[in-house]
Amino acid sequence: ALETTGRGPGFLGELVMVQMTGTIVGNILAGWFGDRYGGRVLLITARLVLITLCLGAVIAHSVPAFLALFFLFGFGLNCNEVGEATISLEIAPRNRRPTCVALITAVTLPGMLLAVGLSTVLRGLTGSIIPPALLAIATLSASLYLAFRIREPRNCPVSKV
């Protein structure tokens, strides 16, 4: 964003403020939607927002565009966090929740590290954000497909146990 817009380091502060605003708005809305409709809708929303963010990162060239993208970044990540936490807690049996949530977290760690490493290598090799953004779009799209296949645990007879 700084390279593309030619703005100085002070612009970074504006981007962080907008991201934090997106995080706050995302947290409030995700809490309400998650409580009312469950975590599945949050996972789907988060993935759609993050796909939009990645598409925007490829074409953004103006200050307002980058401000909007950083808002979406905060919003989307927060919706994802709340959605994942909600689904994780709802699918885990009550007596095994700490163990299940710990295992879910441990299993996702290698994938997160791989994504960061691969994105960094792609950006370093190409000098462009386009390859990492396209990779993110592809993986988010696969994740969106899987999120659509999740049955909302609140509507499943097993979740009532």
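Among the elements of the protein chain, helix H1 (residues 2-5) has the lowest mean pLDDT, 84, while helix H3 (residues 39-59) has the highest, 96. The model is predicted. Over the protein chain, pLDDT averages 91. A score of at least 70 is reached by 96% of the residues.

Threonine 4 sits in helix H1. Its relative accessible area is 42%, so threonine 4 counts as partly exposed; that class lies between the buried limit of 20% and the exposed limit of 50%. Beyond its neighbours within four places in sequence, threonine 4 contacts Ala60, His61 and Phe66. Arginine 40 is 36 residues from threonine 4 along the chain, and their C-alpha atoms are 36 Å apart.

The surface also carries a nonpolar patch. Its members are Val25, Leu29, Trp32, Phe33, Tyr37 and Val41. Together they have about 490 Å² of accessible area. Which helix gives the most to the nonpolar patch? Helix H2 (residues 10-37) does, with five residues.

Valine 41, one of the patch members, is found in helix H3. Valine 41 is partly exposed because its relative accessible area is 30%, a value between the 20% and 50% limits.

Definitions and conventions: Residues numbered from 1 in each chain as written. Predicted model: local features only at pLDDT ≥ 70, side-chain atom pairs only at ≥ 80, totals over all residues. Heavy atoms only, no water. pLDDT = per-residue confidence, 0-100. Helix = DSSP H or I, 4+ residues; strand = E, 2+ residues; numbered from the N terminus. Buried < 20%, exposed > 50% of the residue type's maximum accessible area, 1.4 Å probe, protein only. Contact = heavy atoms within 4.5 Å. Patch = residues over 30% accessible without salt bridge, like charges linked within 9 Å, V, L, I, M, F, W, Y side chains within 5 Å. Areas by Shrake-Rupley, 256 points an atom, 1.4 Å probe, with all protein chains shown as cover. Salt bridge = Lys/Arg side-chain N within 4 Å of Asp/Glu carboxyl O.
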